[in-house]
Amino acid sequence: MSEDTRPVLSATGISKFFPGAIALDSVDLTLYPGEVHALLGENGAGKSTLIKCLTGAYRRDAGSIQLDGEEISPTSTQESQVHGIGTVYQEVNLLPNLSVAENLFLGRQPLRFGFVSQRRMQREARRILGGYGLRIHPAEPLSTFSVAVQQVVAIARAVELSGKVLILDEPTASLDRDEVEMLFKVIRQLKERGLAIVFITHFLDQVFEICDRATVLRNGRVVGTRELAHSSQTDVVHLMLGRQLESRVQDRAPQTAGKTLLEFKGIGRKGMLEPFDLAIREGEVVGLAGLLGSGRTETANLIFGAVPADQGEAWLRDQKIALTSPRDAIRHRFGLCPEDRKTDGIVGDLSVRENIILALQARQGWFRPLNKAKVNELAEAYVKALDIRLASLDMPIRFLSGGNQQKALLARWLATNPDFLILDEPTRGIDVGAHAEIIALIEGLREKGMALLVASSELEELVAYSTRVVVLRDRRQVCELHGEDISTRNIVAAIAQGHLEEVA
Amino acid sequence: MIRSTHLPLVVTILTFLAAFVLCSGQYPAMMSTRVVANLLTDNAFLGIVAVGMTFVILSGGIDLSVGSVIAFTGVFLAVILRDTSIHPLAAFALVLAMTIAFGAAMGAIIHYLDMPAFIVTLAGMFLARGLAYVLSTDSVPITHEFYDVLQSLYWKAPGGGRFRLTGMVMLATFIIGMVVAHRTRFGQNVYALGGGAQTARLMGVPLASTTIGIYALSGGLAGLAGIVFSLYTSAGYSLATVGVELDAIAAVVIGGTLLSGGSGFVAGTFFGILIMGLIQTYIVFDGTLSSWWTKIVIGGLLFAFILLQKGLTWATTARRKPLIDFAAP
């Protein structure tokens with residue numbers, strides 16, 4: 001890439017407002033022909049909003065987009081495609097029942113005497129795919145090929161249709177190493193052809209491997225654009241997380257070394273999480289740190305059996321147990337407060353009371369209903385203990401604020417009297433006051449001897465309550481921090497480098 | 001090489017051949033051109049309507065109205081030829097325009113109101129049947145010299161088989177249907193729609209015109225089937241062809257088309273029709289079996305084919321091709 005070439009796309013001052021929120025605040029993005037440009041940022045930073053504004057899926061509220069020096073204002077993805085901006089998503093948006101050739105040419109099939117010429121279509125498809133080094137039979141249905149091949153076909157279609165800017169939205173999320181390698185080969189080829197490629201991913205290694213520049217977004221603003229050849233991973237991680245990262249020494253309650261409660265040996269799932277070992281003792285909070293997509297939520301789901309592991313074993317109090325479903329986990333007195341509270345946690349239209357007793361009732365079996373007095377007593381006790389603020393126990397839980405919903409979910413599991421509680425992002429989207437209360441709650445539970453596993457993107461928070469922090473990166477456990485080593489600085493270093501730096 | 005998508009078609013054809021060999025082994029007379037000709041003539045209206053049904057099912061929809069539309073067409077023709085002096089050809093054109101419009105209207109409702117095809121065409125089924133009753137509740141005979149001319153058109157094959165016009169119309173419908181399905185953009189859009197409407201929309205398939213076109217086609221072919229049926233029976237009767245839509249669906253499924261849409265062949269439906277006709281012929285030859293055995297065998301075949309489809313879907317998604325075909329240039 002040379003700096004003196006004219007940009008193929010330059011977006012300036014792009015803003016997008018949603019009711020009550022500024023999703024994008026005057027964002028600039030410049031793409032040069034023949035560059036691979038990474039778009040980085042944590043969840044909610046505004047990456048996908050920006051992409052949607054560029055492709056016309058959203059109307060921008062301010063700013064201008066210039067493509068090859070001409071102002072464009074696409075109103076639909078089709079229109080931006082015609083202008084030359086193609087997008088390929090993580091879930092391949094092609095038709096699995098059609099053949100590869102038909103997918104490439106749908107809507108613009110070569111005609112002969114008004115009829116689709118299958119022969120020419122196959123020939124053309126073979127030529128186009130050959131250009132990507134893909135030697136497959138284009139008459140085979142798309143569904144017979146791996147996701148990686150489908151991904152390349154989707155890219156080929158996008159390039160054929162557009163051919164100036166190609167946006168790849170997490171294309172590697174469900175690919176294994178070899179497939180990523182193959183995709184990168186394709187990306188490099190397209191780069192040589194002079195396309196501008198936007199690459200969105202959570203894998204920093206891949207960013208440094210394939211991208212020339214990176215624009216980092218945080219809270220809807222551009223916090224920096226970096227030439228990746230001249231910057232380090234630590235630098236980029238700092239930009240992304242952007243918190244006050246001075247090392248703080250925490251006043252930590254002395255570690256009460258309980259008995260080992262749970263031990264996982266080589267547990268993992270292909271394509272989701274590398275096998276790992278993890279032992280959790282009673283009275284211990286194990287923090288899970290890592291960037292989005294590094295395997296935090298996957299770890300939580302795997303341990304809870306929500307997604308069954310395909311290898312490794314789990315031991316509970318020196319007894320081997322099977323964890324193939326959440327029911328198993330609940331029977332062994334596990335609990336999980338999921339990351340996505342609204343879809344995976346609460347049952348929005350049921351009352352607060354029903355939501356609180358849900359897990360307990362499920363464990364007891366539906367044919368032995370808890371009696372009303374017991375239910376009321378339980379629900380009231382937890383509402384009081386956790387200070388859940390509500391008008392009535394009978395109101396649907398979806399009317400509660402985020403923090404109160406989270407507390408009600410906690411109450412649901414506490415009611416089952418669990419030995420082991422997994423919390424995935426327990427403080428996401430809740431206000432500061434509730435935040436502090438939940439942290440206090442976690443510490444209280446630990447002191448009572450419960451074992452907890454907490455996944456969070458809030459590093460300060462992890463530092464505050466964890467007795468140990470496990471750092472994940474690219475779906476692999478890369479290191480474990482103990483006692484005094486636990487600091488935001490060390491966690492960031494571990495996320496960036498993949499191992500613990502010597503602490504000065 | 002046989003591709004996995006062709007496998008159901010191959011199975012259907014093999015089933016037909018095996019059944020034919022078995023039947024003619026038991027009754028050598030079934031090998032005659034006479035039986036083959038009658039197979040085509042007797043199933044002409046069902047075959048025509050099944051071509052339309054194939055398109056509908058390929059797109060992931062269903063059309064329950066076709067049986068009633070056939071009956072309506074028959075009654076309409078009989079009544080209009082009895083009460084007016086209009087030429088049958090003009091009456092054919094009129095009734096085809098009506099049935100096409102009827103189908104298009106159902107397609108428009110399905111698309112624009114985002115309603116399930118099952119409900120919309122169920123309403124269409126009652127509507128068309130009701131209209132047929134309004135025209136006449138009795139069986140109305142058709143006596144017109146042009147009908148006699150059409151009915152007398154046949155090609156006498158060696159062996160005594162009479163290949164009548166109606167059978168030829170069915171064959172022509174199948175051939176045109178195959179060309180439309182596989183060699184036109186409309187046909188490709190039908191497959192795309194069956195693969196996933198949302199994705200098809202993102203890929204630029206015009207959903208509205210495709211959906212309306214599919215149901216207009218099915219309605220029009222039901223009208224054509226009605227004309228053929230009136231030639232076959234020389235009458236229009238509002239109680240006729242009850243449940244033909246289900247026979248057509250059965251023929252399409254036995255022909256290897258996936259009920260969930262997106263995969264199948266018009267040619268498969270042709271063999272589905274032949275298999276169903278063959279079972280009937282066998283029962284006639286046997287003479288001692290109740291005709292309800294037809295339904296039982298068709299039921300069994302349907303189950304078998306549904307299981308086959310499930311198995312194939314499972315096999316193709318479970319064993320994705322690895323990357324061995326991929327090599328850098």
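The chat below walks through a predicted model with chains A and B.

Trainee: Before I start, what kind of model is this, and how are residues and chains labelled?
Mentor: It is a predicted model, in which local features need pLDDT of at least 70 and side-chain atom pairs count only at pLDDT 80 or more, while totals for chains, interfaces and linings use all residues. Residues are numbered from 1 along each chain as its sequence is written, and chains are lettered from A and ligands numbered from 1 in the order in which they are written.

Trainee: What ipTM and pTM does the predictor give the complex?
Mentor: The complex has an ipTM of 0.81 and a pTM of 0.72.

Trainee: And what is the mean pLDDT of chain B?
Mentor: For chain B the mean is 88, with 94% of its residues at 70 or more, where pLDDT is the predictor's confidence in each residue, from 0 to 100. Chain A averages 81, and 93% of its residues score at least 70.

Trainee: Where does pLDDT stay under 50?
Mentor: In chain A that holds over residues 244-251, for which the model has ten contacts beyond four places in sequence, and in chain B over residues 320-329, with 24 such contacts. Two residues are in contact if their C-beta atoms, placed from the backbone, lie within 7 Å. Where pLDDT is low, the predicted coordinates should not be read in detail.

Trainee: Okay, on to domains, which ones does chain A have?
Mentor: The domain assignment, which is of an automatic or database kind, gives domain 1 (9-241), domain 2 (261-333 + 420-504) and domain 3 (343-417).

Trainee: How many residues of domain 1 of chain A are in contact with domain 2?
Mentor: On the domain 1 side there are 13, in contact with twelve residues of domain 2. Helix α8 (residues 233-241) of chain A gives the largest share of the domain 1 side, five residues. That side divides into four nonpolar, six polar and three charged residues, where Ala, Val, Leu, Ile, Met, Phe, Trp, Tyr, Cys and Pro count as nonpolar, Asp, Glu, Lys and Arg as charged, and the others, Gly among them, as polar. The centres of the two domains, taken over C-alpha atoms, are separated by 33 Å.

Trainee: Why is helix α1 of chain A described as largely enclosed?
Mentor: Seven of the nine residues of α1(A), which covers residues 47-55, are buried, so the helix is largely enclosed by the rest of the structure. A residue is buried if 20 or more other C-beta atoms lie within 10 Å of its own, exposed if 12 or fewer, and partly exposed in between, with C-beta atoms placed from the backbone. Among the buried residues of α1(A) are A:Lys47, A:Leu50 and A:Cys53, and just after the helix A:Gly56 takes a positive phi of about 85°. Helices (H or I, at least four residues) and strands (E, at least two) are DSSP runs, numbered from the N terminus.

Trainee: Is A:Asp318 buried or exposed?
Mentor: A:Asp318 is exposed, with 8 other C-beta atoms within 10 Å, and sits in the loop between β16 (311-316) and β17 (319-321) of chain A. Although it is not a glycine, A:Asp318 has a positive phi of about 65°.

Trainee: And how far is A:Thr297 from A:Asp318?
Mentor: They are 21 residues apart in sequence and 26 Å apart in space, C-alpha to C-alpha. A:Thr297 lies in helix α9 (residues 296-304) of chain A and counts as buried, with 21 C-beta neighbours inside 10 Å. Not counting residues up to four places away in sequence, A:Thr297 touches A:Glu339, A:Asp424 and A:Ala455.

Trainee: Switching to chain B, at what angle do α12(B) and α13(B) cross?
Mentor: Helix α12 (residues 244-254) and helix α13 (residues 266-286) of chain B cross at roughly 115°, and their axes come within 7 Å. Axes are lines fitted to C-alpha atoms, for helices over the stretch in contact, and angles run from 0 to 180 degrees between N-to-C directions. The residues of this contact divide into seven nonpolar, two polar and no charged, including B:Val252 of α12(B) and B:Met276 of α13(B).

Trainee: What about α5(B) and α11(B), how do they pack?
Mentor: Helix α5 (residues 88-112) of chain B packs with α11(B) at an angle of about 145°, the axes being 7 Å apart. Their contact divides into 19 nonpolar, ten polar and no charged residues. B:Thr210 lies in α11(B), which spans residues 207-233, and counts as buried with 22 C-beta neighbours inside 10 Å.
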